[in-house]
Amino acid sequence: MREPEPGRLRVLIVDRTIDRSHALREALEREGYVVVTPSAEHFDLLRSVRELEPDVVIIDMDAPERDMLEDSRRIFEEQPRPIVMFVDESDGESIRAAVHAGVASYVVKGASAERVRPVLEVAIARFREFQALKTELAEARSSLAERKLIERAKGILMERRGCSEDDAYRALRHMAMSRNQRLIEVARNVIELAKLI
Amino acid sequence: MLLQGATIRSAAWAAAGEGLEKRKLRLGFVPLIDAAPLVIAKERGFFRRHGLEVTLSREVSWANVRDNLAAGVLDAAQMLAPMPLASTLGVGARAVPMLTALSLDLNGNAITVSADLYRRMREVDPAAVARRPVSAAALAQVIEEDRRAGRRPLVFAVVFPFSAHNYELRYWLATGGVDPERDVEMRIVPPSLMAEKLEEGSIDGYCVGEPWNEYAVYLGLGRTVATSYEIWNNSPEKVLGVTRGWAERHPATHRALIRALIDAARWIDRPENRLETVHLLAAESYVDAPVEAIVRALRGGARTPDADALMATGSSVFYRFAATFPWRSHAVWFVSQMLRWGQIERPLDVAALVDAVYRPDVYREAADELGVPAPLADMKREGEHDGPWLLDAATQPIAMGPDRFLDGRVFDPHDPSAYLAGFPIHAARVSFDELARCGS
């Protein structure tokens, strides 16, 4: 994710209610945000997120386009962005739902910029925390999975070559170094080969 | 006699309304043809008959349905069948355990391509396009032509990542040799915007529920190349979803809801009630499409001239063929497709997940209270029946429809990893061996 300049956060507004999005845009620009809007004829949210690189997306909770942000594998792996929900002031239940829905969604009531700013900031901060946690978890999980694979590869070598655990590990490392591969790739190869032979 | 029996029963339920944990319910629906059971249960008084006061809340996106259900704004909702599974697993969003004890319909989706893409497919492979369903092999040739000419990849849209639409479109593409991950771009587009996007050229094809295929054909924007029925005969489509917490706190209310919706489904499936269904759906903004498109969708429309034949096959089935029963084999198939296309990233105990989310046991209790037949088994092998068959393993024998897949494969719900290993085109992130070990 591109590091935003402080005070120059890029905001993508997805709202078909022209008056409301206009008012919000003006208010946010006065506050120093850079507001980007997708072009009307190619209303493709994924492309907008790719091309306009917003730091945060504000979307009308009543917009059917919301599902376009649901392609988690594309948006959240390729272009993770905090999403702020934009709901009518009167719609108390939807607000509760959006807040409840998780870290990547937040709520803006009405269009007044003074109230939008803290919500955007909190949404972005919470989103970053969540992303950091997710990355940490993913790393912990993959290193555990990798260790298991290396253990399996060692086991195969020990059985096939009748060697000690240390020797098996040294053999794996030697293969990795001579082939300029990561240890885990070598382990995978060994396991694959063992299935064939 | 039958009518009298029903009257006595409903009187008993009105009294039993006192025993319900909750009587005022808010149910979410998305403006599609298969919201029909919810709409009819409300408009024809089936909810009332079972002691419930229901408000229908029109939702604009599946994400809103899921979030409002998770937050308790909705008591229950019409959901895409794979959604309670995805939500319980926490793929695509925060994990919130959900479950379903009622299927809302079978069939009802179709794949439509733009008029321009259809013309190109017919040019390169007239034979493949003349067949029903049209084979994606014709599409593979168009894609190859585009690749050589350096043109942008074709874009296909579905309504939600966890939807039968997504898996049906991918199944059709892959059966014709098109890899949905490499050969085309896949997008999410809400149903009501599909036709508009097809017209503006930002997508080249889509898989969506009715009336949005009939609508595009009706306006001359596209051609329907395959129905979900043709991809998998009588395949599951929508379900009634609730959170696990809600189901635990409201068991009697849950069963009353299921009884009311089975009643409604039975009513809709009678041919003489289809016209009234159409008018009720078109009214009160339950579905935003011209009445003609809804009529054509419910009758089977332009795809075959013989509307009666299609009533028996391609259009939504709400009650016949045990359509309301939440088969665990359907759930295992959905999980297999989530695995096939890399939506699930870690090995899991498929049977344990499916048993928690799909609840035929709750359905049977409700069906028993209502006096309608229910299957005795939780699973069946899918893809074995080419024509009508009789399900004997039920409280009373049930006439079933065919359940054949496009490519003739048979799905054994007890062994999803063997099934998955048979597909040359996939994007799985979990090794099928590891998966098999997880279940044992």
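Q: How many bridges join strand β1 to strand β2 in chain B, and do they run parallel or antiparallel?
A: In this predicted model, six bridges join β1 (residues 24-29) of chain B to β2 (residues 53-58) of chain B, and the two strands run parallel.

Q: What stands opposite F29(B) in β2(B)?
A: R58(B) stands opposite F29(B) there.

Q: And how does β1(B) pair with β3 of chain B?
A: Also through bridges: two of them join β1(B) to β3 (residues 76-80) of chain B, and this pair runs parallel. Within the pairing, L27(B) stands opposite A76(B) in β3(B).

Q: Moving along chain B, what is the strand order in the open sheet with β5 and β8?
A: The order is β7-β6-β8-β5-β9 (chain B), five strands with mixed pairing.

Q: Which strands stand at the edges?
A: β7 (185-188) and β9 (222-227) of chain B do. Each has a single partner strand, so one side of each is left without a neighbour in the sheet.

Q: What does the twist average?
A: From one strand to the next, the twist averages 25°.

Q: Where does the mixed pairing come from? Start with β6(B) and β8(B): parallel or antiparallel?
A: Parallel, with two bridges joining β6(B) to β8(B). F156(B) stands opposite G205(B) in β8(B).

Q: How does β5(B) pair with β8(B)?
A: In the antiparallel sense, over five bridges. The bridge partner of V113(B) in β8(B) is G205(B).

Q: And on to β9(B), how many bridges join β5(B) to that strand?
A: Five bridges join β5 (residues 109-114) of chain B to β9(B), and the two run antiparallel. I111(B) has A226(B) as its bridge partner in β9(B).

Q: Back to β8(B). How many of its residues are buried?
A: Five of its five residues are buried, and the strand is described as mostly covered.

Q: Which residues lie on which side of β8(B)?
A: G205(B), C207(B) and G209(B) are on one side, with Y206(B) and V208(B) on the other. Both faces are covered, and those residues are all buried.

Q: Which strands does helix α6 of chain B lie across?
A: Helix α6 (residues 115-124) of chain B lies across β5, β8 (205-209) and β9 of chain B. The angle to β5(B) is about 85°.

Q: What about α9(B), which strands does that helix lie across?
A: Helix α9 (residues 164-175) of chain B lies across β5, β6 (155-158), β8 and β9 of chain B. Helix α9(B) runs at about 60° to β5(B).

Q: What is phi of F321(B)?
A: Near 60°, which is a positive value in a residue other than glycine. F321(B) is found in the loop between α17 (307-311) and α18 (328-340) of chain B.

Q: Is F321(B) buried or exposed?
A: Buried, because 22 other C-beta atoms lie within 10 Å, and the cut-off for buried is 20 or more.

Q: And A322(B), what is its phi?
A: Phi of A322(B) is near 55°, again positive in a residue other than glycine. A322(B) lies in the loop between α17 and α18 of chain B and counts as buried, with 25 C-beta neighbours inside 10 Å.

Q: Now chain A. How many helices and strands does chain A have?
A: Seven helices and five strands. From the N terminus on, the elements run β-α-β-α-β-α-β-α-β-α-α-α.

Q: What percentage of chain A counts as buried?
A: Of its 197 residues, 31% count as buried.

Q: At what angle do α6(A) and α7(A) pack?
A: Helix α6 (residues 165-179) of chain A and helix α7 (residues 183-196) of chain A pack at about 110°, with their axes 9 Å apart. That makes α6(A) roughly perpendicular to α7(A).

Q: Is that crossing left-handed or right-handed?
A: Right-handed, as α6(A) passes α7(A).

Q: Which residues meet there?
A: L172(A), R173(A), M175(A) and A176(A) in α6(A) meet L183(A), V186(A) and A187(A) in α7(A). By class, the contact has six nonpolar, no polar and one charged residues.

Note on methods
Residues numbered from 1 in each chain as written. Chains lettered and ligands numbered in written order. Predicted model: local features only at pLDDT ≥ 70, side-chain atom pairs only at ≥ 80, totals over all residues. Pairing = 2+ DSSP bridges. Helix = DSSP H or I, 4+ residues; strand = E, 2+ residues; numbered from the N terminus. Axes fitted to C-alpha atoms, helices over the stretch in contact; angles between N-to-C directions. Contact = placed C-beta atoms within 7 Å. Buried ≥ 20, exposed ≤ 12 C-beta atoms within 10 Å, placed from the backbone. Parallel < 35°, antiparallel > 145°, perpendicular 65-115°, else oblique. Left-handed = near helix turned anticlockwise from the far one by under 90°. Nonpolar A, V, L, I, M, F, W, Y, C, P; charged D, E, K, R; others polar.
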